[in-house]
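Me: I would like to go through this structure step by step. Could we begin with the terms as they come up?
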Amino acid sequence: MMHTDDWLDDPETGPADVKEWLEHFRRESDMEHFNKLTPAESERLALLSEECGEVVQAIGKVLRHGFEGTHPGGGPTNREALERECGDVYLAIQRLISAGDIDGNGMSQAADDKAKSVVRCLHHQGHNVEVSR
């Protein structure tokens, strides 16, 4: 079986080689993916992953330049940028819940459990701070 780069560069490549490669590609693309995710599930997870990365980037800017810092050329404050990116994550999570990929009640329970357990690891948040939802 020739690889794409091989037959593109080979002057001896003929229509039969191209047909063979296309048939191989069709069989490969028809196969079930190893993770058994549908394209829609993969897309929702990719969206969440991308948005989480953007939140991490926004947090880095807040840590380096503060909440009220802005890009030298102007634009939103780092606080506003972080709010926007957190909103995008929130939307991506809502899409996962709406599609049945994750259970919203399970996620809420996990958040409640974390609120109880994280207190011992926080040094500057006070001990009686309630998390609002």
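Reply: A charge sits over a ring if NZ of Lys or CZ of Arg is within 6 Å of the ring centre and within 35 degrees of the ring normal. The charged end of Arg 79 sits over the ring of Phe 67, 4.3 Å from its centre. This is a predicted model, in which local features need pLDDT of at least 70, side-chain atom pairs count only at pLDDT 80 or more, and totals for chains, interfaces and linings use all residues. Residues are numbered from 1 along each chain as its sequence is written, and side-chain values use heavy atoms, leaving out hydrogens and water.

Me: Which residues of helix 4 are buried?
Reply: Helix 4 (78-98) buries Asn 78, Ala 81, Leu 82, Glu 85, Val 89, Ala 92 and Leu 96. They cover an arc of only 100° around the axis (taken from the directions from the helix axis to the C-beta atoms), so they are on the same side of helix 4. Buried means under 20% relative accessible area, exposed over 50% and partly exposed in between, with a 1.4 Å probe and protein chains only. Helices are DSSP runs (H or I, at least four residues), and strands are E runs of at least two, numbered from the N terminus.

Me: And which are exposed on the other side of helix 4?
Reply: Glu 83, Tyr 90 and Ser 98 are exposed there.

Me: What covers the buried residues of helix 4?
Reply: The cover includes helix 3, where contact means heavy atoms within 4.5 Å.

Me: Changing topic, where is Lys 36 found?
Reply: Lys 36 lies in the loop between helix 2 (15-30) and helix 3 (39-65). Its phi is near 60°, a positive value in a residue other than glycine. Lys 36 counts as exposed because its relative accessibility is 59%.
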